Amino acid sequence: MKALITGASSGLGRDIARVLGDMGCEVIATARRKDRLEELQQQLSAPVRIIEADLASEQNCFALYESVKLEKIDILVNNAGFGIFGAFCQTDLMQELRLIDTNIRAVHILTKLFLRDFIARDSGYLLNVSSATAFTPGPLMAAYYASKAYILHLTLAVWKELRQQSSHVSISALCPGPVETEFEQKAAVSFTPAHFSSERVAQIAVRSMFARRMLIVPGAQIKLARLFARLLPERSILAAAYHLQHRRIPEGPGDTLPLNQRNVQSDMAEGRPPVPPI
């Protein structure tokens, strides 16, 4: 089997590539940082092809598809994404537009293009990496939460369409809670302790994808939190979300930036989503 993985240079994307490589899958890994992709290429025993690309560019998304469309891609993992922290009226608009291009536009384009090919041959697996943040609104990370909700709802809707067509193509949404990645090293905020390592989430994700699970939510705590989110009034959910996000502002020496100046992001399209609260 052959898998195309976006945001594969580190974090969850890298570890999904490792899990699939250990299973004997050929991997096509794409991200912005070529040096990290080359490290991954050396680490995997399975064949790895690397493609350096910034998926915030619509043109690069189409170019990526064109570069591999003649190959038989069996698995697409849409993992690239990043987040921005701060009050919506004060965060940087251009960075938010890049977030929308990477987290939403790129996923939409690649899902549609590869899904058409998968449907034509009636086989293939699509794994779209959303987040537990998709289940609630997110004050102080409004654009990120909204982008992950888009991925979740798009994936679930397509899943139903495929079932109605009796298609053998599988599509899954991965919604992890806090995950140990490099993101917190880049961020100017503190995060809730992670429930799982990135390696563990990758193992669960791949196993569940091959089991054709529609929705993959690793961990009992996140499943329980999702249930409570359905039962509580919207105002209570928003109050809890704001409280959790506001706590992420670090305290201590050198912490001088006010909240409205704290734009937190990973390197674009590197597959290191912020550790999400729920």
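Mentor: One term is needed before the helices are discussed: a crossing is right-handed if the near helix is turned clockwise from the far one by less than a right angle, and left-handed if it is turned anticlockwise. The model is predicted.

In that sense α4 passes α5 in a right-handed crossing. Two packed helices are described by the angle between their axes and the distance between the axes. For α4 (residues 93-121) and α5 (residues 142-164), the axes come within 9 Å and cross at roughly 10°. Angles under 35 degrees count as roughly parallel, and α4 and α5 are therefore roughly parallel to each other. On the α4 side, the contact is made by Glu96, Leu99, Asn103, Ile104, Val107, His108, Leu115 and Ile119. From α5 come Ala143, Tyr144, Ser147, Tyr150, Ile151, Leu154, Val158 and Leu162.

Now the sheet. The partner of β3 is β2 (residues 26-31), and the two pair in the parallel sense over five bridges. Within that pairing, valine 27 stands opposite valine 48 in β3.

Angles over 145 degrees count as roughly antiparallel.

β1 and β2 pair in the parallel sense over five bridges, and the bridge partner of threonine 6 in β2 is threonine 30. Five of the five residues of β1 are buried. The cover extends to both faces of the strand: Lys2, Leu4 and Thr6 are buried on one side, and Ala3 and Ile5 are buried on the other.

Most residues other than glycine have a negative phi. Leucine 140, in the loop between β5 and α5, has a positive phi of about 80° although it is not a glycine. Buried means under 20% relative accessible area, and leucine 140 counts as buried at 8% relative accessibility. Serine 166 is also not a glycine, and its phi is positive, near 55°. Serine 166 lies in the loop between α5 and β6. With a relative accessible area of 59%, serine 166 is exposed.

As for the setting of these parts, the chain has nine helices and nine strands. Buried residues make up 54% of its 278 residues. Among contacts between residues at least 6 apart in sequence, 70% join residues at least 24 apart. The chain exposes about 12,400 Å², and carbon and sulfur atoms supply 54% of that area.

Terms used
Residues are numbered from 1 along each chain as its sequence is written. This is a predicted model: local features need pLDDT of at least 70, side-chain atom pairs count only at pLDDT 80 or more; totals for chains, interfaces and linings use all residues. Side-chain values use heavy atoms; hydrogens and water are left out. Two strands pair if DSSP finds at least two bridges between them. Helices (H or I, at least four residues) and strands (E, at least two) are DSSP runs, numbered from the N terminus. Buried means under 20% relative accessible area, exposed over 50%, partly exposed in between (1.4 Å probe, protein chains only). Contact means heavy atoms within 4.5 Å. Accessible areas come from the Shrake-Rupley method with a 1.4 Å probe; for residues, only the protein chains shown count as cover. Axes are lines fitted to C-alpha atoms, for helices over the stretch in contact, and angles run from 0 to 180 degrees between N-to-C directions. Angles under 35 degrees count as roughly parallel, over 145 as roughly antiparallel, 65 to 115 as roughly perpendicular and the rest as oblique.
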